[in-house]
Structures are given as structure tokens and as C-alpha cells.
Amino acid sequence: MERYAVSHVRETGLERLFSSLQPDIARILDKALAGGEITVEEGERLFHVRGLELLGLMATADELRRRTVGERVTYVITRNINFTNICYTGCRFCAFARPAGHPEAYTMSLEEVVEKAREAWEWGATEVCIQGGLNPHLPPTIYEDMVRGIKEAVPDIHIHAFSPFEIWYGSRRLKISEETFLRRLKDAGLDSIPGTAAEILDPEVRYRLSRNKLSREDWIRIVTTAHRLGIPSTATIMYGHIDAPVHWARHLDTIRRIQKETGGFTEFVPLGFVHEHTRLYREDGARPGPTGMEDIKMHAVARLMLNDVIPNIQVSWVKLGYKMAQMCLNAGANDFGGTLFEESISQAAGSTPGTYTSPATFERLIRDMGRIPAQRTTLYEIIRVADEGP
Ligand code: SF4
């Protein structure tokens, strides 16, 4: 068997493992350790690894994580506020939306939203994360009204709110440009936006996921506009449905390109498809979410492809569960995400891990891995490192 002549792995103590790997995989992993840029083709190849090669991928991603962000695993105390589930977009993967009049349809009043933010601040949250359905029965100013109302009541809380699709929709309802809408939200107190609604940034896959949702170009234009205006965002992928490794590698490359241009992404968050109550699974033949191996590979390849431009890779404990999240934190990821308090969207689709993780639970789970827990702000400033005090 051809052997790979190791070079950059020497300093990591991985020589033995690397010398047993298929040479093309060892070469890609070695290139990553040397700081080389992993191409789309190489990324796609890594999504197919199994056995020893998978162990090599995990070890390489873990080593890069250690070099870039060290042994801390961060988390943020945040409250999710999903202010309405009324939506008519009809995304095939969504089990959260309801039409008005449905017994499970709900819309929170402005006062309720503000009260939830006030409560969150009193409980120690530094952030509220606000997203909802596209509800045409709400006034077009609702997005600004929520931001302004929260900032008046709790001036120091970080408002992380409104997906690029909500920005798209809100600007159209007000008949103003996306840029003007984002400026107005920022003036009202918006601090950052979630980079959700990205799903897979591939036109064909998107069309099958939702015919009415914003396009790949729309998503890219809105996040780059936000970044240009000084509004950072997260970046996400939703994987494990009708997609394939080639789409994942291209998606990561698109995120990398945007980040090189704007520097506005704070982290990358892989979101595995939660299938149970969705039409995409029940009627369209989608897979029942990613496998455990795919979850690990997604976090590891993300670390290899994004390490130089986005240092933070987040696990979604809501989608993965705690144990799988711990595995991914040993395969390139470094952030445990948020406490959430009352997450509704994954729950509606059939996710089981629960709606709240306390800081004490995060810290136990992180210590159990031999790593160092640290509470952070939305923008990754460290507030407190466990055992070191504030
Ligand atoms: S994913 Fe969002 S936009 Fe699509 S149907 Fe669900 S709530 Fe509406």
C-alpha cells in the first residue's frame, strides 16, 4: 500500500495514524494542518470518509480547533423568543408554522415580547434571540417596534433578531430597500442578526425545500448588506434531507467567500434536519436527518474549510442532543450555543433534547470533556471563565 510521507503532522503526534490513512486523505489533512485552503473538491472528498480516515479527520479538526481557539468551550445565556408561528410561506421542512385560526396558532403581543426580554435580563441573559413566522396580520412596523420596545425596557441586552428572510419580508412590507430597513432596525437598537434561512445555498435544493423562500442571491445580498452596515450575523447550514456532500462543500465555500469579503460572520452553526413532523420527510422522500457520522463530519469539515476566517464553530445541542454535541466539540467545534430558555422551532419538528440548558449543565458537560467552560457575549467576548471567577 502506498504510504503518505508525513510532514505537518509531526508536531501533532499524529504520524502513526496519518501513515495508515489513504494517501489522498492524508494529503488533504496535512494540507489543512499546514494552513492550506481546502478546496470544494477536497471538502467533498472528506465528507465521504469512513473508518480510520474519519478518525484522522476528527483528530485534524480537533488539532486545528486547539491551535486557533484553545481549550475553552464557550456558551451564551440567551432567551429565544419565537413571537409568532403564523406563516404562509409553506417551507416543506418546517413543522413550526400554522395558519391564522389554527388551534395552535399564536402571536405574542408587543408587551409580552418586551416582558420576556425584561425577564431574561433579570435571569442573567445577555441576549435575546428573536425570530418568527412571516405573519401578514401584524403591522409592518412590528420588527422595529419590538427592537425599540426591548431597548427602552432593557437597554443593555443584545438583540440578535430576524433572519435574512424576515429582513427581506419586513422591507417589502414597508416598501423600502433592505438596506434602509436594516439601517432603521440598527437605529432602533438591533445588534446582530441570525444567519438562518440559509438552508443549503444551492438553487435546486432550495427550490425543493421551499418554492416561496428567499433565493440564494437574496440571502447573500442581505447578509453582506448587514455586515457592511456593521450588523454582524451568524452563518448556518441545514443538512441531512435531500442534499448531498457536494452541496455541503459548496455551501461552506460560499460562506468562506462572503467572510473574506465582509468579516461579518461571528460563527458557523451546522443545523441537522429534524424530520419527524415535516412534509419534506413524510411526503417528499427526504432522509430522516443526518447520521451521527455526518454530524461529526459536518463540524470537522467546517473547521478545516473555515478555520482561517471563522474561528468559532457552534454545536446545536437542540438538534444533536448533549452526547452528540460533546462528540462534535471533539471534532472541531468550540462553542455550545445558547441556554435558549424556550426554543420552539426544533421542538415542533420533533427534536427531543428539551428547551433549556442551564449554565451549570453546560459547565458540567464541558468539564466532563476535560475542557474549560467560559460564558461569552453574542460577539464572543469572554464574560467569565469557570473556576476563574468574573
Ligand atoms: S421556515 Fe420560517 S418562513 Fe418557512 S414556513 Fe416555517 S416559519 Fe415560515
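Colleague: Take contacts between residues at least 6 apart in sequence. What share join residues at least 24 apart?
Modeller: In the protein chain, 73% of those contacts do. One caution: this is a predicted model.

Colleague: Noted. How many helices and strands are there?
Modeller: The protein chain has 17 helices and eight strands. Its radius of gyration is 21 Å, close to the 21 Å that the globule rule gives for 390 residues, so the chain is as compact as a globular protein of that length.

Colleague: What box do the C-alpha atoms fill?
Modeller: Roughly 65 × 50 × 35 Å, along the principal axes. Buried residues make up 52% of the 390.

Colleague: Now domains. Where are they?
Modeller: The domain assignment gives domain 1 as 10–68 and domain 2 as 71–385. Their centres, taken over C-alpha atoms, are 29 Å apart.

Colleague: And how many residues does each give to the contact?
Modeller: Domain 1 gives 19 residues and domain 2 gives 23.

Colleague: Which elements of domain 1 give two or more residues to that side?
Modeller: Helix 3 (40–46) and helix 4 (51–69). Helix 4 gives the most, with 10 residues. By class, that side of domain 1 has 10 nonpolar, five polar and four charged residues.

Colleague: What about the largest nonpolar core? How many residues does it have?
Modeller: It has 116 residues. Those with the most contacts inside it are A117, V128, I130, I150, F268, V301 and L304. Helix 13 (residues 292–306) gives the largest share, eight residues.

Colleague: Where does this core lie relative to the two domains?
Modeller: Between them. Domain 1 (10–68) and domain 2 (71–385) both give residues to the core, so it lies between the two.

Colleague: Back to A117. What is A117 in contact with?
Modeller: V128, I150, A153, V154 and I157. That leaves aside neighbours within four places in sequence.

Colleague: New topic, the ligand. Which residues surround the ligand?
Modeller: C87, T89, G90, C91, C94, F96, A97, G133, L134, F165 and S210. By class, this shell has seven nonpolar, four polar and no charged residues.

Colleague: I also marked Q131. Is Q131 buried or exposed?
Modeller: Buried. Q131 has 22 other C-beta atoms within 10 Å, and 20 or more count as buried. Q131 is in strand 2 (residues 127–131).

Colleague: What does Q131 touch?
Modeller: Not counting residues up to four places away in sequence, Q131 touches N82, A161, F162, S163, E166, P194 and T196.

Colleague: And how far is Q131 from H247?
Modeller: They are 116 residues apart in sequence and 26 Å apart in space, C-alpha to C-alpha.

Colleague: Where is E199 found?
Modeller: In the loop between helix 8 (178–188) and helix 9 (203–209). E199 is buried, with 25 other C-beta atoms within 10 Å.

Colleague: And what about the phi of Y380?
Modeller: Y380 has a positive phi of about 70°, and Y380 is not a glycine either. Y380 sits in the loop between strand 7 (372–376) and strand 8 (382–385). With 17 C-beta neighbours inside 10 Å, Y380 counts as partly exposed.

Notes:
Residues numbered from 1 in each chain as written. Predicted model: local features only at pLDDT ≥ 70, side-chain atom pairs only at ≥ 80, totals over all residues. Near = placed C-beta within 6 Å. Nonpolar A, V, L, I, M, F, W, Y, C, P; charged D, E, K, R; others polar. Domains from an automatic or database assignment. Contact = placed C-beta atoms within 7 Å. Helix = DSSP H or I, 4+ residues; strand = E, 2+ residues; numbered from the N terminus. Core = buried A, V, L, I, M, F, W, Y, C linked by C-beta atoms within 7 Å. Buried ≥ 20, exposed ≤ 12 C-beta atoms within 10 Å, placed from the backbone. Rg over C-alpha atoms; globule rule 2.2 N^0.38 Å.
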